[in-house]
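I opened this entry to keep track of what I looked up, in the order I looked it up.

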Amino acid sequence: MIAVFCIAISACSDPDATSAQIAETHRQSDGTERNQSEHTVQLEIWGEQSALSDAYITKKINKAFKNEKLLIDTTIRVETRSGVVTLTGYADSLAVSEKASDICRHIAGVKKVENLLIIST
């Protein structure tokens, strides 16, 4: 699948490539003939699913923060991209910062947590 994607990108990046050339490129890589529009639709759908998943993860984390006594009065910003959660803002203590990271790790779909919280004293 990755080879097909890379070939599709290289074929699509050639402004002089005809649809026959693009289809030929796909036929060589996976034995089937596909046109560029099929790949464009597949990539757009995948991108939307990823964005929806990231929004869902962010929403679940923010809800979990509101339900945690240590985090109720914090100003932590949550950003999710491709399952990677980045925490920015301020935490009152190291315990608060660690609790925020721990909550994120337990949310389905989170691949990695980047804790950039500043501990304010």
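**Entry 1: strand β4.** I began at the end of the sheet and looked for the bridge partner of Ala91, which is Ile119 in β4. I then checked the strands themselves: β2 and β4 (residues 118-119) run parallel and are joined by 2 bridges.

**Entry 2: confidence.** The model is predicted, and I wanted the pLDDT before going further. The mean for the protein is 74, with 57% of the residues at 70 or more. I noted that strand β3 (residues 112-115) has the highest confidence, at 98, while helix α1 (residues 2-13) has the lowest, at a mean of 41. Over residues 1-30 the pLDDT stays under 50, and I found 26 contacts beyond four places in sequence listed for that stretch in the model. Residues 33-44 are also below 50, with 13 contacts beyond near neighbours in sequence.

**Entry 3: β1 and β2.** I looked up how β1 and β2 pair: the sense is antiparallel, over 7 bridges. Thr80 has Val85 of β2 as its bridge partner. The two strands form a hairpin, with 2 residues between them. In the turn I checked Ser82, whose phi is positive, at about 55 degrees.

**Entry 4: β2 and β3.** Here the pairing is parallel, and I counted 4 bridges. Val85 turned up again, this time opposite Val113 in β3. I followed the chain between these strands and noted that β2, α4 and β3 make a β-α-β unit, which is right-handed.

**Entry 5: the core.** Which residues of the largest nonpolar core touch the most other members? I wrote down Ile61, Phe65, Ile76, Val85 and Leu87, out of 17 residues in that core. Two or more residues come from each of α3 (36-66), β1 (75-81), β2 (84-91) and α4 (94-105). The largest share is from α4, which gives 4 residues. I took Ile76 for a closer look. Leaving out residues up to four places away in sequence, Ile76 touches Phe65, Leu71, Leu87, Thr88, Tyr90, Ala100 and Leu117.

**Entry 6: Ser97.** I placed Ser97 in helix α4. Is Ser97 buried or exposed? Ser97 counts as buried because its relative accessibility is 6%, and the cut-off for buried is under 20%. I looked for a polar partner and found Asn115, with a polar contact of 2.9 Å between the two side chains. The contacts of Ser97 beyond four places in sequence are with Ala91, Asn115, Leu117 and Ile119. Among them, Ala91 and Ile119 are the bridge partners from my entry on β4.

**Entry 7: Thr86.** I finished with Thr86, which lies in strand β2. Its relative accessibility is 17%, so Thr86 counts as buried as well. The side chain of Thr86 makes a polar contact of 3.4 Å with the side chain of Glu114. Not counting residues up to four places away in sequence, I listed Arg77, Val78, Glu79, Glu114 and Leu116 as the residues that Thr86 touches.

Methods:
Residues numbered from 1 in each chain as written. Predicted model: local features only at pLDDT ≥ 70, side-chain atom pairs only at ≥ 80, totals over all residues. Heavy atoms only, no water. Core = buried A, V, L, I, M, F, W, Y, C linked by side-chain atoms within 4.5 Å. Buried < 20%, exposed > 50% of the residue type's maximum accessible area, 1.4 Å probe, protein only. Contact = heavy atoms within 4.5 Å. Polar contact = N/O pair within 3.5 Å; in protein donor to acceptor, adjacent residues only side chain to side chain. pLDDT = per-residue confidence, 0-100. Pairing = 2+ DSSP bridges. Right-handed = clockwise from strand over helix to strand, strands pointing away.
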